[in-house]
Amino acid sequence: MRVRPVPTAVAAVACLLSTSALTRLFDGTMWWFGPVLIAAVVAVATAAVGRQLRLPLGVGLLLNLVGLVGCLTVQCARATAVLGVLPTPETASTLRALIADGGSDISRLATPVPHRPGLVILTVTGVYLTVVAVDLIVVALERPTLGGLPLLALYAVSAAILPGGVGLVPFVLGAVGFVTLMVLDGRIGFGRWGRSVPTAPWQLETGPPGGRITVSALGVALAALLVAVAVPAGLPSLDGTGLVSRKGGYGAGDGPSSASVVQPIVSVSQQLHADTEVPLLSVRTDTPRYLRLTALENFDGQLFTLRALNATRDNRVSRGLPKPDIAGGTVETTATITVTDRFKELYLPVPGTPTKIKGLVGDWRLAAPTNTIFSTRTSTAGAHYEVDAVAPNPTQAELVASSGPVPADLAVDTALPSNLDPRLRQLLNTITRNAHTPYERVYAIQEYLRGPPFVYDLDGAPTTQEGALSTFLFDKHVGYCEQFASAMTVLVRLLGVPARVAIGFVPGERQADGSYLVTNRQAHAWPEVWFPSTGWVSFEPTRRSDGATAAPSYAPAGAADPDSLPAPGSDSEATPAPAPGSEPVPVPTTGPTPGSAASQAPTTNGTDTSAAPSLPGWAIVLIVAAVLVLVLLAVPATLRIRRRRGRLRPVRGGGTPADGRQSAEQVHLAWTELLDVAADLGVTIRPSDSPRAGVARLAAYLDAEPADGLSDAVPDDAAATTFPEARAALGRLAAAEERARYAPPELVDVPAPTEVTRDVSVVAGVLWSVAPRSRRIIGQIMPPSVCRRGGVDQRDAGAAAARFRWAALGRRRDRDESVGDADPSDRGARDQAQAQAAQDREPVGSGSRPTGR
């Protein structure tokens, strides 16, 4: 199977257009689209090489897989490969680890996901296999319409994950790609019916009719595309904004509803790993505290997740909040919170346990078991409210003395899977060997995690795959708040003490106007432990490098803690101490402090907010689409240049006039090139016109233009030619074409190929020079000769015609030889008559001038 550039290019472009469906899944574009673009090129190249080498289908698919392995090696594991290309066993291990990390990221991260190497390798693999499947169906099987089925997989993934769907621009781009496949299918289907009526006896083209039919088909496709885009946007929907919701997937109204809830621990990881720092909240308060969203109670051995939140109409915040059930000391706080449009959550950030909320709009309800204010009907984006809250503020003495049974409704907060690593129990016994009360054991766990050898680092944290908790506690000792909070919660539950993971934010950076700015860099997770006499109390096992997570006063930093503070004395126990994180802290830096171990490695997770913002995803998509459109527009001109060069290139073995077969073929190709020049300039030459009639039309075109109309933009070396030279060249071309077309093969006497090529260049140069500027632009950018012609290349058609004529000559000679030499005189008379007829043919002279156009 030979290389088929047009179907191959159409399949590749359709695949690249369809990858726009993935843009809303990722935070940023170039970090995943660059590798995907390279993978698509490699997939198309390997498939084309397999067809060029005429490999069997199975061998070709193996070659595609080799290309995939090479692509993944170069882009994702170059350091482990020989010369950066040849994979090694270490490369295979690296790729397996990245694939596992990517699978874990899929379960943990919410859309749009940040830059993660594991996601890159999964995306590249998926798009590569999609391109291979589409190329196989479109090019090898010649079923372009069915090639749209693999592309639906890209849209199905986005449609299943994104609440608001893939979006308008990706839909339109994908539709354009599918329409292109349908057009290609029509051309291939038309070609199966046979060859179209040739425009000249030697032309053996195939292809669909052009002109009005093509324009009508494109018009129907465009109209259908506009209807598909416009009608859904106008039809009514549940939220009253049209069938295509514009609210990102959230409903409206007061009735019961469900929502696509993203696990909060996923949101924390995503916020911390974002490439840019984004303002989320503005808080005005005199006592900055942790802002709490919700708490995670279910644990499956790998990840803490949110249990079902249930709240009736009676639990609406607008109807008032119940009095907090907190025993012991408390601290009150008031805060005015303004949420930006960038922070879209179903959980309301509050400083502690809220007692009153004013100014909150929407159907927000309180789930008492987790003390979560949530909504399934709206989000936090753009909210502005004032909240009064209280938080537990026990003393160490109160916590030491706290004792009592665990209520049955807290069983979920002590539950652990049966397949936990047995080393966890041994580690717990080692940590708490000197502790006697539940509080002392909990405090010992916090201090163990805050001390060496544990290091806070966003990049070195283990994923949520199987064994991640053990990897963090026993091997790597590197992680961020998610790992620290999860590890402490599991160890506390091993004590039989209820514990859960709280999700929210540490206080932000104090601004000049006295407010506190909270960004995605302040996203945080911390454990909450239940004590009988005080209720849920926050602890802080995470020691961030920016100092934003100081230990609470009732569980102060110990001697082994690098952030060690003097333990509070008896006086401090008589005075209420601030809750965790109650003191103002600076905004987190973009990386670890110079003294931390993590500072020795390069940091890539933080960027300066003052830096110039990167291009939005939609802008990059539009740029890529514009580039693809320009490439598509350049295809006709490129094909036209290629055809012209192929026709005017001397035919192999045709360098002398004595070689009749090759010279005749060269004349046919030159005449075809002249007809295409006429078509590009809008000169109509009918299929029934003889060479003389065609020359007459071209001469009339020259006569209709002023003789001084030569422009500077004349191709090749024809700028210095004149009208008489062009007319003389036309006469020679017509005479040569007549001889090559009508004369017996044995008597064909045509000029040398170099002379024919020069005449074509001269005529073409003058024709282009006298054409109007608009016609020249159209003829060069969108040549009608390419757009209206299809199928077999003209060079192939001329060669086929020449072989047919010379095969006919051979059959005639065989027939003559079968007759024998019965009458040599008749045979000589016939040859003499044919020679005389050839001499009597009157060539078209340069002085002939038609009177009509």
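Modeller: The structure holds 14 aromatic pairs, where Phe, Tyr and Trp (its six-membered ring) pair if ring centres lie within 6.5 Å, with planes under 30 degrees apart called stacked, over 60 edge-to-face and the rest tilted. W32 and F33 have ring centres 5.8 Å apart and planes at 85°, so that pair is edge-to-face. Bear in mind that this is a predicted model, where local features need pLDDT of at least 70 and side-chain atom pairs count only at pLDDT 80 or more, while totals for chains, interfaces and linings use all residues. Residues are numbered from 1 along each chain as its sequence is written, and side-chain values use heavy atoms, with hydrogens and water left out.

Colleague: Are W32 and F33 buried or exposed?

Modeller: Both W32 and F33 are buried. Buried means under 20% relative accessible area, exposed over 50%, and partly exposed in between (1.4 Å probe, protein chains only).

Colleague: Which residues do ring pairs link into a cluster?

Modeller: That cluster consists of Y439, Y443, F531, F539 and Y554.

Colleague: And which rings have the charged end of R423 or R500 over them?

Modeller: R423 has its charged end over the ring of F474, 4.3 Å from the centre. For R500 the ring is that of W536, at 3.8 Å from the centre. The criterion is NZ of Lys or CZ of Arg within 6 Å of the ring centre and within 35 degrees of the ring normal.

Colleague: Switching to packing, how many residues are in the largest nonpolar core?

Modeller: The largest core has 73 residues, and L281 and I357 have the most contacts inside it. Helix α14 (residues 481–494) gives the largest share of this core, 9 residues. Apart from it lies another core of 40 residues, including F26, W32, V124 and L151. A core here is a set of buried Ala, Val, Leu, Ile, Met, Phe, Trp, Tyr and Cys residues joined through side-chain atoms within 4.5 Å.

Colleague: What is L281 in contact with, leaving aside neighbours within four places in sequence?

Modeller: Among its partners are L291, I337, F343, P349, F505 and Y516, with contact meaning heavy atoms within 4.5 Å.

Colleague: How many helices and strands does the protein have?

Modeller: There are 24 helices and 16 strands, taken as DSSP runs numbered from the N terminus (helices H or I, at least four residues; strands E, at least two). Of the 853 residues, 47% are buried.

Colleague: What span does helix α3 reach?

Modeller: Helix α3 (residues 57–76) has 20 residues and reaches 28 Å from its first C-alpha to its last, close to the 28 Å expected at 1.5 Å a residue. The expected span is 1.5 Å times one less than the number of residues. Buried residues in α3 include G60, N64, G67, L68 and C71.

Colleague: Backbone next. Which peptide bond is cis, with omega near 15°?

Modeller: The bond from P452 to P453. P453 lies in the loop between α12 (438–450) and β10 (455–456).

Colleague: What about phi of L83 and H477?

Modeller: Phi of L83 is near 60°, positive in a residue other than glycine. L83 is exposed, because its relative accessible area is 78%. H477 also has a positive phi, of about 60°, although it is not a glycine. H477 counts as buried because its relative accessible area is 15%.
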